[in-house]
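User: I would like to learn how to read strand pairing and salt bridges in a model. Could we go through one together?
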Amino acid sequence: MNPLFQSARIPSVVIRMGRLTTLLILLFCTIHSSGFSQGDVENVPQAQDSIPKFSLETIVITADRIENKLANSTSSVSVMRAADIRRLPLEKFSDLFSFIPGFFVVNMDGIGRNPSINARGFYGGGEAEYNIVLLDGKQINDLETGLVNWNLVPLKNIESVEIARGTSSPLYGDAAFGSVVNIITRAENTPRTALSLEGGSYGSVNAGGRTRGMWDNKPYQLFLSNERTHGFRSHSTWRGTNIGGDLLLPIDESSGLRLSTMNQWVKFDDPGPLTDQEVLADRRGSSVYYRNDGKDERRHQFQADYNRSLSEAAAVKAELFYKFKHGISTRTFTNPSPIIDPATFSIIGIYDTTQYGDTKERDLSTNQVGLNLQFTMTTETENIRNRVLVGFDGDYGHMTSTYYNAFTGFEGDYDATASTRGAKVSAGKNSRTKYAFYAKNELRVFD
């Protein structure tokens, strides 16, 4: 037998001595404890309870489409209040996700204006999103791709953010694989006006203002922001303006109508990728292929929310929205231009030592209108509570897209000639209709 695997034999004398030592220690402890009098015991300082106490009464609506305690939610939900957001070193709203478990943020432009956010590994490569993003309960994903303008709302105008990680398709539709994010801007009706002016590196300037109060006994809020930056690299200028707000119109004691709008104008340059050699030469530069790439876009959203209490136990809600977007974008794709042997169809060389660029310009318009109806009823008997939620979601979207030739050629061609809109390449129209009925029943038998 290998001596490394032989078991060692412990002498029985050692075992007996160990037992005797244990008995002596126990006897000493018993005698020592019996020496205390009753008064001594009362004078012994009591240990303070150092276990921290947490309050789990935070109310969320995103995971269930109805108000619920965070402790009762069966989804993985994170809630960030305005006070929590102010404590973090954030410049843009998208920076928030770097502090939330389950998310990974890729800043495509290096400064957070054009981020791609990965939730639980669902990554669309910048061409698609698997996150449903709501603004005060209404979806703001783009109609044609599902992408999200993560910085549609200025950071200072956000009151709270609710994030439900994981799939929520039964309640929010086909694209809700990674997460559902609800950005809430509506705050209390306390009158307040705030102005801000910020500046930083790369010629960054951000000016904004927000006011809320009462107008003819009707609560309102308005906000405005204007931001611009030269960007980290050449040809990466970014300019954006946001205007929005809402007005609550009370109808009677049990019902009210809220009107809201969100508008944004964005124009930015896209410096494109750099090769390894270009990075070593100047990591803040931009290739001549992408000197005309960028986007000029505007979007508008209008919404009307009607809420009515039918009784102490039942309520109905109706939401109607309209979204419009128009944008012109220029984008370049580069590839080597190969020489192909017509006999074998194999690549035998390239025409030029540089890449071959193909630049296209796209003119895109989308219109979308939607309706949501929801009925809730809550009944309670002693400790048992039953809540029923029934609803309908529907929307119709229409898109027109036209592509134009802008420029093609090698690096020298791009360096010598400016690109302009050329002949129409293709044009198309498409539409999408979505509708769904949903129902939920929640039975609470004890707290």
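User: Which residue is the bridge partner of Asn-307 in β16?

Analyst: Happy to start there. As a general idea, strands of a sheet pair through backbone hydrogen bonds, either parallel or antiparallel. In this predicted model, Asn-307 has Lys-317 as its bridge partner in β16. That bridge belongs to the pairing of β15 (residues 294–309) with β16 (residues 314–335), which is antiparallel and holds 16 bridges. The two strands form a hairpin, with four residues between them.

User: Which residue in β19 is the bridge partner of Lys-317?

Analyst: Gln-374 is the partner of Lys-317 in β19. Here β16 and β19 (residues 356–381) run antiparallel, joined by 22 bridges.

User: What is the order of the strands in the open sheet of five?

Analyst: The order is β3-β8-β9-β6-β7, and the pairing is mixed. At the edges are β3 (76–81) and β7 (138–139), each of which pairs on one side only. If you look at β7, its antiparallel pairing with β6 (residues 131–135) has two bridges. Leu-135 stands opposite Lys-138 of β7.

User: What should I keep in mind about side chains when I look along a strand?

Analyst: In a regular strand the side chains alternate between the two faces of the sheet. With that in mind, let us turn to charged side chains.

User: How many salt bridges does a search of the whole structure find?

Analyst: The search finds 21. One of them joins the side chains of Asp-142 and Arg-299, at 3.0 Å from N to O. This pair links distant parts of the chain, with Asp-142 in the loop between β7 and β8 (160–165) and Arg-299 in strand β15, 157 residues apart.

User: Are Asp-142 and Arg-299 buried or exposed?

Analyst: Both Asp-142 and Arg-299 are buried. Another salt bridge to look at is formed by the side chains of Glu-297 and Lys-325, at 4.0 Å from N to O. Glu-297 is in strand β15 and Lys-325 in strand β16, so this pair ties together parts 28 residues apart in sequence.

User: Why does Glu-297 count as buried?

Analyst: The reasoning rests on a cut-off: buried means under 20% relative accessible area. Glu-297 counts as buried because its relative accessibility is 11%. Lys-325 also counts as buried, because its relative accessibility is 5%.

User: Where do Arg-387 and Glu-442 lie in the chain?

Analyst: Arg-387 lies in strand β20 (residues 384–409) and Glu-442 in strand β21 (residues 424–444), and the pair links distant parts of the chain, 55 residues apart. The two residues form a salt bridge whose closest N and O atoms are 3.2 Å apart. Arg-387 and Glu-442 are both buried.

User: Which residues do salt bridges that share partners join into one network?

Analyst: The network joins Asp-142, Glu-144, Lys-295, Glu-297, Arg-299 and Lys-325.

User: And how many helices and strands does the chain have?

Analyst: The chain has six helices and 21 strands. Of its 447 residues, 36% count as buried. Among contacts between residues at least 6 apart in sequence, 62% join residues at least 24 apart. The accessible surface of the chain is about 26700 Å², and 57% of this belongs to carbon and sulfur atoms.

Notes. Residues are numbered from 1 along each chain as its sequence is written. This is a predicted model: local features need pLDDT of at least 70, side-chain atom pairs count only at pLDDT 80 or more; totals for chains, interfaces and linings use all residues. Side-chain values use heavy atoms; hydrogens and water are left out. Two strands pair if DSSP finds at least two bridges between them. Buried means under 20% relative accessible area, exposed over 50%, partly exposed in between (1.4 Å probe, protein chains only). Contact means heavy atoms within 4.5 Å. Accessible areas come from the Shrake-Rupley method with a 1.4 Å probe; for residues, only the protein chains shown count as cover.
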